[in-house]
Amino acid sequence: MKVAIIGAGIVGSTAAYYLSKEANVHVTVFDHGLGQATKAAAGIICPWFSRRRHKAWYQMARLGADLYPQLILDLQKDGFETSFYKQVGIFLHKKTPEHFQDLYHLAHSRLAESPLIGDLRILSEEAIKKAFPDLQTKGQMLYASGAARLDGAALTRTLLAASGCSVIRKKVNLAELAEGYQIDGQMFDRVILAAGAWLGNLLEPLGYEVDVRPQKGQLLDYVFEDYQTEHLPVFMPEGEIDVIPFDHGRVSVGASHENDKGFDLTVDHEVLERLASDARVFFPKIDQAISKTSRVGIRAYTSDFSPFYGQVPGLPGLYAASGLGSSGLTTGPFIAKCLVESLLTNTISSEISTDNISHYLKPKTDKSV
């Protein structure tokens, strides 16, 4: 079976990795290399405190988080280094004490189905200072030891390397054939569209209306000299910014959520300065960094902010996923795994009850329009 994947972000690279485990399946990955949301994601795996009422979304996020330990173990067995993922725990900061109790009880109620949450506690100021000395906060914070930080770009590189798939770096178009599909002059039996916010560019020429919109995200990466960041927890205060320590003295701050910038990938220094200013309140050490760089990416989101995946209505053998938004690194691997299962078995995964993909991908009444 010849399979094409368009998009090498979290969904595409994970799908390539799982498909590479199958005999008699040849995979080719296409990616235009611009604006990938995965490369500009903050990288926090911690869905258990979410109050979103969309049950299917939480199930996707929970199962996605639960999938990571096995995915990491599989990559290690394949001989790959995986320090890009680490369960360092999270500090959740709220301005009012009653919010701690609400979130604590919410997460506690989810422990039974997701023990990955780990040690769940409300920490004192003394305990916070001991674990993260450079954090400047007052009062208690909520803590969950199972939360992880993830370098999405490093993960996708590793997944693609482990898959052994060839990656063609160019923008491509998709054409429907009598049997299968054509991309870049090549014929494929099955295709996975994992192009994020660019999904409409691929499906609209085939006569589909696509409910996917671009959201610009920017963040900052600081590097410090002689600063032990490997085991520092993620810090998530109220508001837009998060502080995410990685290995080797790197700390990320972000990310922005800009719904009115379209596909603009220009670095906006005013937005970055706002992020830095907000972070400086809690983490003034950013002024001691020896270097500062920025990242920009485009997330995909839908009108109801829910991700979707499955077979494209009316096009057998063509599968799509999009609308993952800012939780793409959490839900992406699970969604990819479900797409691969559907592709290989010609069935739709029923592991969770998700909204029908036809809510987001609709054939136009007049395909000539």
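Helices α2 and α8 are roughly perpendicular to each other, because angles of 65 to 115 degrees count as such. The model in which they occur is predicted. Helix α2 spans residues 55-77 and helix α8 spans residues 328-345; their axes cross at roughly 85° and come within 7 Å. On the α2 side the contact involves Trp 57, Met 60, Ala 61, Leu 63, Gly 64, Ala 65, Leu 67, Tyr 68 and Leu 71. The α8 side contributes Leu 329, Thr 330, Thr 331, Pro 333, Phe 334, Ile 335 and Lys 337. Sorted by class, the residues of this contact are 12 nonpolar, three polar and one charged.

**Packing around α5**

Helix α2 also packs against α5, with the axes 11 Å apart and an angle of about 50°. That angle makes α2 oblique to α5. The crossing of this pair is left-handed. From α2, the residues in contact are Tyr 68, Leu 71 and Leu 75. From α5, they are Leu 155, Thr 158, Leu 159 and Ala 162. This contact has six nonpolar residues, one polar residue and no charged residue.

Helix α5 (residues 152-163) has a further partner in helix α1 (residues 10-19), and these two axes come within 8 Å and cross at roughly 25°. Angles under 35 degrees count as roughly parallel, so α1 and α5 are described as roughly parallel to each other. α1 passes α5 in a left-handed crossing. Ile 10, Ser 13, Thr 14, Ala 16 and Tyr 17 are the α1 residues of the contact. They meet Leu 155, Thr 156, Leu 159, Leu 160, Ala 162 and Ser 163 in α5. The class count here is seven nonpolar, four polar and no charged residues.

| Helix pair | Axis separation | Crossing angle |
|---|---|---|
| α2 and α8 | within 7 Å | roughly 85° |
| α2 and α5 | 11 Å | about 50° |
| α1 and α5 | within 8 Å | roughly 25° |

**Second largest pocket**

The second largest pocket holds about 150 Å³ of space. Its lining includes the charged residues Glu 81, Arg 149, Asp 151, Arg 157, Asp 247 and Arg 250. Also in the lining are Ser 83, Phe 84, Ala 154, Phe 246 and His 248. By class, the lining has six charged, three nonpolar and two polar residues.

**Backbone details in loops**

Most residues other than glycine have a negative phi, and most peptide bonds are trans. Ala 255 lies in the loop between β18 (250-254) and α7 (269-282). Asp 226 belongs to the loop between β15 (213-223) and β16 (234-236).

Technical notes
Residues numbered from 1 in each chain as written. Predicted model: local features only at pLDDT ≥ 70, side-chain atom pairs only at ≥ 80, totals over all residues. Heavy atoms only, no water. Axes fitted to C-alpha atoms, helices over the stretch in contact; angles between N-to-C directions. Helix = DSSP H or I, 4+ residues; strand = E, 2+ residues; numbered from the N terminus. Parallel < 35°, antiparallel > 145°, perpendicular 65-115°, else oblique. Left-handed = near helix turned anticlockwise from the far one by under 90°. Contact = heavy atoms within 4.5 Å. 1 Å grid on protein atoms, 1.4 Å probe; cavity = no way out; pocket = protein on both sides within 12 Å on 5 of 7 lines; lining within 4 Å. Points joined across faces, edges and corners; volume = space filled by probe spheres on them.
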